[in-house]
Amino acid sequence: MEDSMGPSLVVVGGGILGLAVAARAAKLGRKVTLLEKEDHWAAHQTGHNSGVVHAGPYYRPGSLKARMCAAGNASMIAFARDHGIPHAVPGKLIVATDEAERDRLHELYRRALANGVPCRLIDADEASEYEPEVYAVEALRVETTGIIDYPAVCVALADIAQQYGADLLTGARVTAIHDGGDGVVVEHAGGEARAAQLVNCAGLQADRIARLAGIEPDVQIVPFRGEYYELVPERRDLVRGLIYPVPDPNLPFLGVHLTRMIDGSVHAGPNAVLALKREGYRWRDIDLHDAAEALTYPGFLRMASHNVETGIREVARSLSRSAFAASLARLVPRIEARDIVRAGSGVRAQAVRRDGSLADDFVIQRSGHQLHVLNAPSPAATSALEIAAHLVAEAGVPA
(Lines give C-alpha, C1' and ligand atoms only; values in the text may rest on other atoms or scores of the structure.)
Protein backbone atom coordinates (compact mmCIF):
# COMPACT_ATOMS: atom_id res chain seq x y z
CA MET A 1 0.00 0.00 0.00
CA GLU A 2 2.73 2.40 -0.95
CA ASP A 3 2.89 4.78 -3.86
CA SER A 4 5.96 6.19 -5.55
CA MET A 5 6.22 8.87 -2.86
CA GLY A 6 6.44 6.41 0.03
CA PRO A 7 4.13 4.96 2.68
CA SER A 8 0.56 6.20 2.90
CA LEU A 9 -1.04 6.99 6.26
CA VAL A 10 -4.50 6.78 7.75
CA VAL A 11 -4.86 8.97 10.83
CA VAL A 12 -7.68 8.49 13.34
CA GLY A 13 -8.70 11.63 15.23
CA GLY A 14 -9.33 15.23 14.20
CA GLY A 15 -7.97 17.00 17.24
CA ILE A 16 -4.81 19.06 17.15
CA LEU A 17 -2.48 16.05 17.19
CA GLY A 18 -4.19 14.10 14.39
CA LEU A 19 -4.37 17.23 12.22
CA ALA A 20 -0.71 18.03 12.90
CA VAL A 21 0.26 14.50 11.80
CA ALA A 22 -1.86 14.81 8.66
CA ALA A 23 -0.42 18.22 7.78
CA ARG A 24 3.20 17.15 8.29
CA ALA A 25 2.89 13.88 6.38
CA ALA A 26 1.02 15.54 3.51
CA LYS A 27 3.65 18.28 3.23
CA LEU A 28 6.25 15.53 2.94
CA GLY A 29 4.37 14.18 -0.08
CA ARG A 30 2.60 11.24 1.55
CA LYS A 31 -0.94 10.14 0.75
CA VAL A 32 -2.96 10.85 3.90
CA THR A 33 -6.51 10.02 4.97
CA LEU A 34 -7.77 11.43 8.28
CA LEU A 35 -10.91 10.07 9.95
CA GLU A 36 -12.84 12.13 12.53
CA LYS A 37 -16.07 10.79 14.01
CA GLU A 38 -17.54 14.24 14.81
CA ASP A 39 -18.68 16.82 12.27
CA HIS A 40 -15.94 19.36 13.06
CA TRP A 41 -12.33 19.58 14.19
CA ALA A 42 -11.17 19.93 17.81
CA ALA A 43 -14.50 18.62 19.12
CA HIS A 44 -13.18 17.26 22.40
CA GLN A 45 -9.91 17.73 24.31
CA THR A 46 -8.40 20.32 21.95
CA GLY A 47 -11.53 22.43 21.86
CA HIS A 48 -12.11 22.35 25.62
CA ASN A 49 -8.69 23.02 27.10
CA SER A 50 -7.33 26.12 28.82
CA GLY A 51 -5.68 27.58 25.73
CA VAL A 52 -2.25 27.70 27.36
CA VAL A 53 1.05 27.24 25.52
CA HIS A 54 3.06 25.61 28.28
CA ALA A 55 6.74 26.29 28.90
CA GLY A 56 7.52 22.93 30.55
CA PRO A 57 8.67 23.41 34.15
CA TYR A 58 6.67 20.48 35.53
CA TYR A 59 7.85 17.48 33.58
CA ARG A 60 10.45 14.88 34.47
CA PRO A 61 13.77 15.87 32.84
CA GLY A 62 14.53 13.69 29.85
CA SER A 63 10.92 12.58 29.41
CA LEU A 64 9.09 12.96 26.11
CA LYS A 65 6.89 15.58 27.76
CA ALA A 66 9.88 17.65 28.85
CA ARG A 67 11.69 17.46 25.52
CA MET A 68 8.67 18.03 23.33
CA CYS A 69 7.15 20.79 25.45
CA ALA A 70 10.32 22.89 25.34
CA ALA A 71 10.51 22.57 21.56
CA GLY A 72 6.73 22.78 21.17
CA ASN A 73 6.49 26.07 23.02
CA ALA A 74 8.71 27.69 20.40
CA SER A 75 7.24 25.92 17.37
CA MET A 76 3.61 26.55 18.38
CA ILE A 77 4.18 30.27 18.93
CA ALA A 78 6.05 30.48 15.61
CA PHE A 79 3.19 28.65 13.87
CA ALA A 80 0.68 31.09 15.34
CA ARG A 81 2.76 34.05 14.25
CA ASP A 82 3.23 32.70 10.73
CA HIS A 83 -0.48 31.93 10.25
CA GLY A 84 -2.04 34.94 11.94
CA ILE A 85 -3.52 32.94 14.83
CA PRO A 86 -4.41 34.97 17.94
CA HIS A 87 -1.81 34.43 20.66
CA ALA A 88 0.23 36.18 23.33
CA VAL A 89 3.17 35.36 25.60
CA PRO A 90 2.43 37.00 28.96
CA GLY A 91 4.41 34.54 31.10
CA LYS A 92 3.00 33.18 34.34
CA LEU A 93 3.49 32.99 38.09
CA ILE A 94 3.54 29.74 40.03
CA VAL A 95 2.98 30.83 43.60
CA ALA A 96 3.72 29.30 46.98
CA THR A 97 1.02 30.53 49.37
CA ASP A 98 2.56 29.19 52.59
CA GLU A 99 5.93 28.14 53.94
CA ALA A 100 5.16 24.45 53.46
CA GLU A 101 5.05 24.97 49.67
CA ARG A 102 8.48 26.64 49.42
CA ASP A 103 10.42 23.36 49.16
CA ARG A 104 8.12 22.11 46.40
CA LEU A 105 8.46 25.43 44.58
CA HIS A 106 12.27 25.21 44.77
CA GLU A 107 12.20 21.64 43.50
CA LEU A 108 10.02 22.80 40.62
CA TYR A 109 12.56 25.54 39.90
CA ARG A 110 15.38 22.98 39.74
CA ARG A 111 13.32 20.82 37.40
CA ALA A 112 12.50 23.82 35.21
CA LEU A 113 16.18 24.70 34.90
CA ALA A 114 16.99 21.09 33.96
CA ASN A 115 14.35 21.37 31.22
CA GLY A 116 15.82 24.60 29.89
CA VAL A 117 12.81 26.71 30.86
CA PRO A 118 13.51 30.46 31.19
CA CYS A 119 12.41 31.23 34.74
CA ARG A 120 13.49 32.67 38.08
CA LEU A 121 12.45 32.64 41.71
CA ILE A 122 11.03 35.95 42.94
CA ASP A 123 9.93 37.24 46.31
CA ALA A 124 6.45 38.36 47.29
CA ASP A 125 7.09 42.01 46.48
CA GLU A 126 8.22 41.25 42.93
CA ALA A 127 5.33 38.82 42.44
CA SER A 128 2.96 41.68 43.28
CA GLU A 129 4.57 43.78 40.54
CA TYR A 130 3.39 41.20 38.00
CA GLU A 131 0.07 40.48 39.73
CA PRO A 132 -0.93 43.16 42.23
CA GLU A 133 -3.74 41.05 43.73
CA VAL A 134 -1.79 37.80 44.15
CA TYR A 135 -0.90 36.33 47.54
CA ALA A 136 2.48 34.63 47.64
CA VAL A 137 5.31 34.02 50.06
CA GLU A 138 7.47 33.26 47.00
CA ALA A 139 6.85 32.60 43.32
CA LEU A 140 8.39 31.17 40.19
CA ARG A 141 8.22 33.52 37.22
CA VAL A 142 8.04 31.54 33.96
CA GLU A 143 8.67 33.86 31.03
CA THR A 144 7.66 31.83 27.97
CA THR A 145 4.17 30.60 28.92
CA GLY A 146 1.67 31.75 26.30
CA ILE A 147 -2.00 31.69 25.42
CA ILE A 148 -3.47 30.77 22.05
CA ASP A 149 -6.62 29.88 20.14
CA TYR A 150 -6.11 26.12 19.65
CA PRO A 151 -9.25 25.55 17.55
CA ALA A 152 -7.88 28.19 15.14
CA VAL A 153 -4.61 26.23 15.03
CA CYS A 154 -6.64 23.17 14.03
CA VAL A 155 -8.35 25.05 11.20
CA ALA A 156 -4.94 26.16 9.91
CA LEU A 157 -3.54 22.62 10.11
CA ALA A 158 -6.56 21.23 8.27
CA ASP A 159 -6.09 23.83 5.54
CA ILE A 160 -2.42 22.91 5.17
CA ALA A 161 -3.17 19.20 5.03
CA GLN A 162 -5.81 19.70 2.35
CA GLN A 163 -3.58 22.05 0.33
CA TYR A 164 -1.09 19.18 0.12
CA GLY A 165 -3.69 16.64 -0.93
CA ALA A 166 -4.78 15.01 2.32
CA ASP A 167 -8.29 13.56 2.42
CA LEU A 168 -9.92 14.77 5.65
CA LEU A 169 -13.23 13.11 6.51
CA THR A 170 -15.68 14.08 9.26
CA GLY A 171 -18.56 11.89 10.38
CA ALA A 172 -16.22 8.94 9.84
CA ARG A 173 -16.50 6.88 13.03
CA VAL A 174 -14.12 3.90 12.88
CA THR A 175 -15.90 0.55 13.13
CA ALA A 176 -13.18 -2.02 12.35
CA ILE A 177 -9.45 -2.21 11.69
CA HIS A 178 -7.63 -5.00 9.87
CA ASP A 179 -3.83 -5.21 9.87
CA GLY A 180 -2.63 -7.26 6.92
CA GLY A 181 0.73 -8.17 5.50
CA ASP A 182 1.21 -4.95 3.53
CA GLY A 183 -0.76 -2.40 5.55
CA VAL A 184 -4.06 -1.65 7.24
CA VAL A 185 -7.70 -1.44 6.22
CA VAL A 186 -9.86 0.84 8.37
CA GLU A 187 -13.62 0.53 8.05
CA HIS A 188 -15.59 3.62 9.00
CA ALA A 189 -19.08 5.08 8.76
CA GLY A 190 -18.43 6.41 5.26
CA GLY A 191 -16.62 3.42 3.75
CA GLU A 192 -13.07 2.22 4.21
CA ALA A 193 -9.52 3.60 4.06
CA ARG A 194 -6.42 1.63 3.08
CA ALA A 195 -2.89 2.67 3.95
CA ALA A 196 0.57 1.36 4.73
CA GLN A 197 0.45 2.76 8.27
CA LEU A 198 -2.17 3.65 10.89
CA VAL A 199 -1.59 6.49 13.36
CA ASN A 200 -4.14 6.52 16.19
CA CYS A 201 -4.62 10.00 17.67
CA ALA A 202 -8.12 9.38 18.98
CA GLY A 203 -7.61 10.90 22.44
CA LEU A 204 -10.48 9.87 24.70
CA GLN A 205 -11.15 6.85 22.46
CA ALA A 206 -7.52 5.90 21.79
CA ASP A 207 -7.47 2.67 23.80
CA ARG A 208 -10.70 1.51 22.13
CA ILE A 209 -9.29 2.19 18.68
CA ALA A 210 -6.25 0.12 19.67
CA ARG A 211 -8.48 -2.76 20.72
CA LEU A 212 -10.38 -2.55 17.43
CA ALA A 213 -7.00 -3.07 15.77
CA GLY A 214 -6.33 -6.18 17.86
CA ILE A 215 -3.90 -4.46 20.23
CA GLU A 216 -4.09 -4.82 24.01
CA PRO A 217 -3.15 -1.36 25.31
CA ASP A 218 -0.64 -0.97 28.12
CA VAL A 219 -3.06 1.51 29.73
CA GLN A 220 -6.77 2.27 29.90
CA ILE A 221 -8.27 5.71 29.41
CA VAL A 222 -10.12 7.01 32.47
CA PRO A 223 -11.95 10.28 31.75
CA PHE A 224 -11.66 13.15 34.22
CA ARG A 225 -13.87 16.17 33.75
CA GLY A 226 -12.30 19.54 34.43
CA GLU A 227 -14.85 22.26 35.16
CA TYR A 228 -14.15 25.94 34.61
CA TYR A 229 -15.51 29.14 36.03
CA GLU A 230 -14.70 32.62 34.81
CA LEU A 231 -14.50 35.95 36.54
CA VAL A 232 -17.44 38.25 35.93
CA PRO A 233 -16.42 41.12 33.61
CA GLU A 234 -16.21 43.74 36.34
CA ARG A 235 -13.69 41.61 38.32
CA ARG A 236 -11.36 40.66 35.47
CA ASP A 237 -8.91 43.34 36.59
CA LEU A 238 -7.97 41.07 39.52
CA VAL A 239 -5.80 39.00 37.14
CA ARG A 240 -3.35 40.32 34.57
CA GLY A 241 -1.94 37.08 33.15
CA LEU A 242 -1.62 33.50 34.42
CA ILE A 243 -1.48 32.49 38.10
CA TYR A 244 -0.90 28.86 39.09
CA PRO A 245 -0.51 27.08 42.44
CA VAL A 246 2.42 24.83 43.27
CA PRO A 247 1.18 21.44 41.97
CA ASP A 248 0.82 18.27 44.00
CA PRO A 249 3.74 16.09 42.80
CA ASN A 250 1.65 12.93 43.26
CA LEU A 251 -1.06 14.01 40.80
CA PRO A 252 -1.00 14.73 37.04
CA PHE A 253 -3.22 17.80 37.43
CA LEU A 254 -1.78 21.28 37.88
CA GLY A 255 -4.43 22.48 40.30
CA VAL A 256 -7.07 25.19 39.96
CA HIS A 257 -5.48 28.26 38.34
CA LEU A 258 -6.34 31.58 36.72
CA THR A 259 -5.77 32.38 33.05
CA ARG A 260 -6.44 35.59 31.18
CA MET A 261 -7.58 34.38 27.76
CA ILE A 262 -7.06 35.84 24.30
CA ASP A 263 -10.44 37.59 24.42
CA GLY A 264 -9.68 39.22 27.78
CA SER A 265 -11.87 36.91 29.84
CA VAL A 266 -10.31 35.26 32.90
CA HIS A 267 -10.89 31.54 33.24
CA ALA A 268 -10.56 29.76 36.56
CA GLY A 269 -9.97 26.03 36.91
CA PRO A 270 -10.12 23.25 36.12
CA ASN A 271 -10.89 20.89 38.95
CA ALA A 272 -10.75 17.14 38.27
CA VAL A 273 -13.66 14.74 38.84
CA LEU A 274 -14.36 11.36 37.30
CA ALA A 275 -16.55 11.73 34.20
CA LEU A 276 -19.25 9.08 33.86
CA LYS A 277 -19.04 9.30 30.09
CA ARG A 278 -15.92 9.44 27.94
CA GLU A 279 -17.14 12.67 26.41
CA GLY A 280 -19.27 13.81 29.35
CA TYR A 281 -19.00 17.52 29.97
CA ARG A 282 -21.77 17.73 32.60
CA TRP A 283 -22.75 15.72 35.68
CA ARG A 284 -25.89 14.56 33.89
CA ASP A 285 -23.87 13.16 30.98
CA ILE A 286 -23.83 9.45 31.84
CA ASP A 287 -23.05 6.45 29.67
CA LEU A 288 -23.54 3.19 31.55
CA HIS A 289 -20.92 1.34 29.51
CA ASP A 290 -18.33 4.08 29.95
CA ALA A 291 -19.06 4.40 33.67
CA ALA A 292 -18.93 0.65 34.30
CA GLU A 293 -15.71 0.33 32.32
CA ALA A 294 -14.00 2.98 34.45
CA LEU A 295 -15.45 1.97 37.82
CA THR A 296 -14.60 -1.73 37.44
CA TYR A 297 -11.12 -1.21 36.01
CA PRO A 298 -8.60 -2.49 38.60
CA GLY A 299 -6.24 0.37 37.83
CA PHE A 300 -8.87 2.99 38.64
CA LEU A 301 -9.92 1.24 41.84
CA ARG A 302 -6.31 1.09 43.06
CA MET A 303 -5.72 4.72 42.11
CA ALA A 304 -8.94 5.87 43.80
CA SER A 305 -8.18 4.00 47.01
CA HIS A 306 -4.96 5.98 47.39
CA ASN A 307 -6.60 9.35 46.66
CA VAL A 308 -9.86 9.29 48.62
CA GLU A 309 -9.31 12.64 50.33
CA THR A 310 -8.34 14.32 47.07
CA GLY A 311 -11.37 12.86 45.30
CA ILE A 312 -13.77 14.09 47.97
CA ARG A 313 -12.24 17.57 47.81
CA GLU A 314 -12.58 17.70 44.02
CA VAL A 315 -16.23 16.59 44.09
CA ALA A 316 -17.00 19.18 46.76
CA ARG A 317 -15.40 21.87 44.64
CA SER A 318 -17.42 20.69 41.65
CA LEU A 319 -20.71 20.95 43.54
CA SER A 320 -20.03 24.17 45.43
CA ARG A 321 -19.23 27.54 43.87
CA SER A 322 -18.10 28.74 47.30
CA ALA A 323 -15.60 25.89 47.60
CA PHE A 324 -14.30 26.62 44.11
CA ALA A 325 -13.95 30.32 44.93
CA ALA A 326 -12.12 29.47 48.16
CA SER A 327 -9.50 27.58 46.15
CA LEU A 328 -9.02 30.63 43.94
CA ALA A 329 -8.84 32.91 46.96
CA ARG A 330 -5.69 31.13 48.10
CA LEU A 331 -4.07 32.69 45.03
CA VAL A 332 -6.03 35.95 44.80
CA PRO A 333 -7.65 36.70 48.19
CA ARG A 334 -10.15 39.24 46.86
CA ILE A 335 -11.98 36.62 44.76
CA GLU A 336 -15.37 35.71 46.27
CA ALA A 337 -18.09 33.30 45.17
CA ARG A 338 -20.11 36.12 43.65
CA ASP A 339 -17.17 36.99 41.38
CA ILE A 340 -17.27 33.75 39.35
CA VAL A 341 -19.75 32.13 36.96
CA ARG A 342 -19.62 28.73 35.28
CA ALA A 343 -17.81 28.60 31.96
CA GLY A 344 -17.99 25.09 30.54
CA SER A 345 -15.72 22.11 31.02
CA GLY A 346 -13.32 19.74 29.33
CA VAL A 347 -12.54 16.05 29.70
CA ARG A 348 -8.98 14.80 30.13
CA ALA A 349 -8.09 11.36 28.77
CA GLN A 350 -5.98 10.11 31.67
CA ALA A 351 -4.13 6.87 30.98
CA VAL A 352 -4.06 4.55 34.00
CA ARG A 353 -2.09 1.31 34.33
CA ARG A 354 -3.56 -1.83 35.89
CA ASP A 355 -1.43 -1.30 39.01
CA GLY A 356 -3.16 2.04 39.60
CA SER A 357 -0.26 4.24 38.56
CA LEU A 358 -0.94 7.18 36.28
CA ALA A 359 1.03 7.43 33.06
CA ASP A 360 3.18 10.53 33.61
CA ASP A 361 4.57 10.74 30.08
CA PHE A 362 3.28 10.47 26.55
CA VAL A 363 2.59 6.80 25.76
CA ILE A 364 3.03 5.61 22.17
CA GLN A 365 2.53 1.90 21.51
CA ARG A 366 3.62 0.31 18.24
CA SER A 367 2.44 -2.93 16.67
CA GLY A 368 2.92 -4.01 13.09
CA HIS A 369 1.77 -1.24 10.78
CA GLN A 370 0.23 0.73 13.64
CA LEU A 371 1.19 3.56 16.00
CA HIS A 372 -1.18 4.23 18.90
CA VAL A 373 -0.93 7.41 20.98
CA LEU A 374 -2.42 6.15 24.24
CA ASN A 375 -1.55 9.03 26.54
CA ALA A 376 -1.28 12.59 25.26
CA PRO A 377 -2.67 14.96 27.91
CA SER A 378 -1.29 18.42 28.58
CA PRO A 379 1.15 19.58 27.23
CA ALA A 380 0.13 17.66 24.09
CA ALA A 381 -1.53 20.69 22.47
CA THR A 382 1.58 22.78 23.11
CA SER A 383 3.76 19.97 21.77
CA ALA A 384 1.51 18.91 18.89
CA LEU A 385 3.88 19.89 16.07
CA GLU A 386 6.78 18.09 17.77
CA ILE A 387 4.79 14.96 18.58
CA ALA A 388 3.57 14.91 14.97
CA ALA A 389 7.13 15.08 13.66
CA HIS A 390 8.05 12.16 15.93
CA LEU A 391 5.04 10.07 14.87
CA VAL A 392 5.52 10.72 11.16
CA ALA A 393 9.17 9.69 11.43
CA GLU A 394 8.19 6.58 13.40
CA ALA A 395 5.72 5.74 10.65
CA GLY A 396 8.60 5.61 8.19
CA VAL A 397 8.22 9.01 6.54
CA PRO A 398 11.63 10.72 6.39
CA ALA A 399 11.78 14.46 7.04
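Let me begin with helix α5, where the buried residues in this predicted model are Tyr-150, Val-153, Cys-154, Ala-156, Leu-157, Ala-158, Ile-160 and Ala-161. What covers these buried residues? The cover includes α1, α2 and α11, together with the strands β5 (52-53), β10 (146-148) and β11 (167-169).

Consider next the geometry of α5. The helix has 14 residues, and at 1.5 Å a residue these should span 20 Å; the C-alpha atoms at its ends are 20 Å apart, so the expectation and the model agree. After α5 comes Gly-165, which has a positive phi, near 95 degrees.

In soluble globular proteins, nonpolar side chains tend to be buried together. Here, the largest nonpolar core has 47 residues, and Ile-16, Met-76, Val-153, Leu-157 and Leu-391 are those with the most contacts inside it. At least two residues of this core come from each of β3 (9-12), α1 (16-27), β4 (32-35), α2 (64-82), α5 (150-163), β23 (370-375) and α11 (384-394). Which element supplies the largest share of this core? That element is α1, with nine residues.

Apart from its neighbours within four places in sequence, Val-153 is in contact with Ile-16, Met-76, Phe-79, Ile-85 and Ile-148.

Technical notes
Residues numbered from 1 in each chain as written. Predicted model: local features only at pLDDT ≥ 70, side-chain atom pairs only at ≥ 80, totals over all residues. Heavy atoms only, no water. Core = buried A, V, L, I, M, F, W, Y, C linked by side-chain atoms within 4.5 Å. Buried < 20%, exposed > 50% of the residue type's maximum accessible area, 1.4 Å probe, protein only. Helix = DSSP H or I, 4+ residues; strand = E, 2+ residues; numbered from the N terminus. Contact = heavy atoms within 4.5 Å. Expected span 1.5 Å × (residues − 1).
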